[in-house]
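Dear colleague,

Please find below the sequence and the structure that I am handing over to you. My findings follow directly after them.

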Amino acid sequence: MTWPRRRLRRRHIEEAPIHSAPPWQKYGHKAERWTETAYADAPAYLAHRAQLVRRLGPELRPGDAVLDLACGDGGLADFLPGQRYVGVDANAEMVAAGRARGREIVEADLNAYVPTAPVEATTIFRAIYYAADRRELLTRIAGYTTRKLVFDLNPRQYRLADVRADLEAAGFDRLATRPFFVPQTRAPFPGLQLLERSGPVARAILRFRFTLICAAWSGRSRT
Ligand SMILES: C[S@@+](CC[C@H](N)C(=O)[O-])C[C@H]1O[C@@H](n2cnc3c(N)ncnc32)[C@H](O)[C@@H]1O
């Protein structure tokens with residue numbers, strides 16, 4: 001009696017649609033007010049992120065180029081006024097929303113994109129999981145990034161040791177990490193950021209919440 005049921009299930013699988021929507025499609029309806037709605041306090045969140053983009057690892061200088069992969073509407077650009085900012089996003093509505101606010105954004109898939117000229121820094125925020133093959137993506141980024149790669153990581157979702165191995169294989173043999181204690185969906189708590197450098201306390205907090213910002217670079221780069 002179980003045979004017909006098994007056959008039915010197999011036919012169901014065979015008839016399932018083979019094309020699923022690309023992962024960036026789900027962001028379209030949020031594009032117009034992405035930065036305002038994705039963060040409880042967008043200026044506090046993005047200003048601190050921008051500070052770490054500039055200072056964690058080798059420092060950026062005024063005029064250095066920052067390529068922000070999976071940039072959303074490119075809201076980070078407003079907090080990096082001293083840098084030449086270019087965003088990349090695969091969602092056409094995100095790209096249009098960012099451009100409407102005067103930001104330079106290219107519509108492309110981060111898994112294939114290569115800029116026309118090298119950049120000092122590449123960033124990826126809240127999007128490292130969109131890498132089709134993380135090691136391959138990091139290797140491509142290393143090919144056009146002259147000073148550093150900065151990205152965020154949920155340490156409860158990814159093992160830092162695995163990411164470090166992929167970074168080293170790509171040629172990024174130096175890594176600096178910093179806890180990032182600005183809540184995304186709640187107003188920042190006073191004094192919380194002071195705990196980012198608290199060592200064991202910060203590590204304990206990271207077991208439950210928040211992310212790590214990572215800056216990776218090559219010890220051989222001389223720019
Ligand atoms: C969670 S949002 C993060 C946006 C921005 N980086 C931020 O931190 O606010 C993820 C973004 O990744 C984009 N995205 C997803 N897959 C992508 C891909 N393969 N190439 C480029 N962008 C992609 C989505 O369109 C979306 O804008």
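By class, 18 nonpolar, six polar and six charged residues make up the lining of the largest pocket. Please bear in mind that this is a predicted model. The lining comprises 30 residues in total, and those that lie nearest the centre of the largest pocket are Ala70, Cys71, Gly72, Asp89 and Ala127. Two or more lining residues come from each of the elements α2 (34-38), α3 (42-55) and β2 (84-89). The volume of the largest pocket is about 450 Å³.

What takes up the space of the largest pocket? The ligand does. Around the ligand there are 19 residues, the closest being Tyr39, Ala70, Asp89, Asp109 and Leu110. Sorted by class, this shell has twelve nonpolar, three polar and four charged residues.

Tyrosine 39 places a polar side-chain atom 2.6 Å from an oxygen atom of the ligand. Alanine 70 contributes a backbone N or O atom, which lies 2.7 Å from a nitrogen atom of the ligand. In leucine 110, a polar backbone atom is 2.8 Å from a nitrogen atom of the ligand. How much of the ligand does the protein bury? The ligand taken alone exposes 600 Å², and the protein buries 98% of that.

There is also a second largest pocket, with a volume of about 310 Å³. Its lining consists of 19 residues, and Arg126, Asp152, Asn154, Gln184 and Thr211 lie nearest the centre of this pocket. By class, the lining of the second largest pocket divides into ten nonpolar, five polar and four charged residues.

Finally, I turn to the protein as a whole. How many helices and strands does the protein have? There are seven helices and seven strands. Along the sequence they follow the pattern α-α-α-β-β-α-β-β-α-β-α-β-α-β. The C-alpha trace of the protein spans about 70 × 40 × 40 Å along its principal axes.

Yours sincerely,
A colleague

How values were computed: Residues are numbered from 1 along each chain as its sequence is written. This is a predicted model: local features need pLDDT of at least 70, side-chain atom pairs count only at pLDDT 80 or more; totals for chains, interfaces and linings use all residues. Side-chain values use heavy atoms; hydrogens and water are left out. On a 1 Å grid over the protein atoms alone, a cavity is a set of points where a 1.4 Å probe fits but cannot get out, and a pocket is an open set with protein on both sides within 12 Å along at least five of seven lines; lining residues have an atom within 4 Å of a point. Grid points are joined across faces, edges and corners, and a volume is the space filled by probe spheres set on the points. Helices (H or I, at least four residues) and strands (E, at least two) are DSSP runs, numbered from the N terminus. Ala, Val, Leu, Ile, Met, Phe, Trp, Tyr, Cys and Pro count as nonpolar, Asp, Glu, Lys and Arg as charged, and the others, Gly among them, as polar. A residue is near a molecule or strand if one of its heavy atoms lies within 4 Å of it. A polar contact is a pair of N or O atoms within 3.5 Å; within protein, one must be able to donate a hydrogen and the other to accept it, and residues adjacent in sequence count only if both atoms are side-chain atoms. Accessible areas come from the Shrake-Rupley method with a 1.4 Å probe; for residues, only the protein chains shown count as cover. A molecule sits in a cavity or pocket if more than half of its atoms lie within 2 Å of its grid points.
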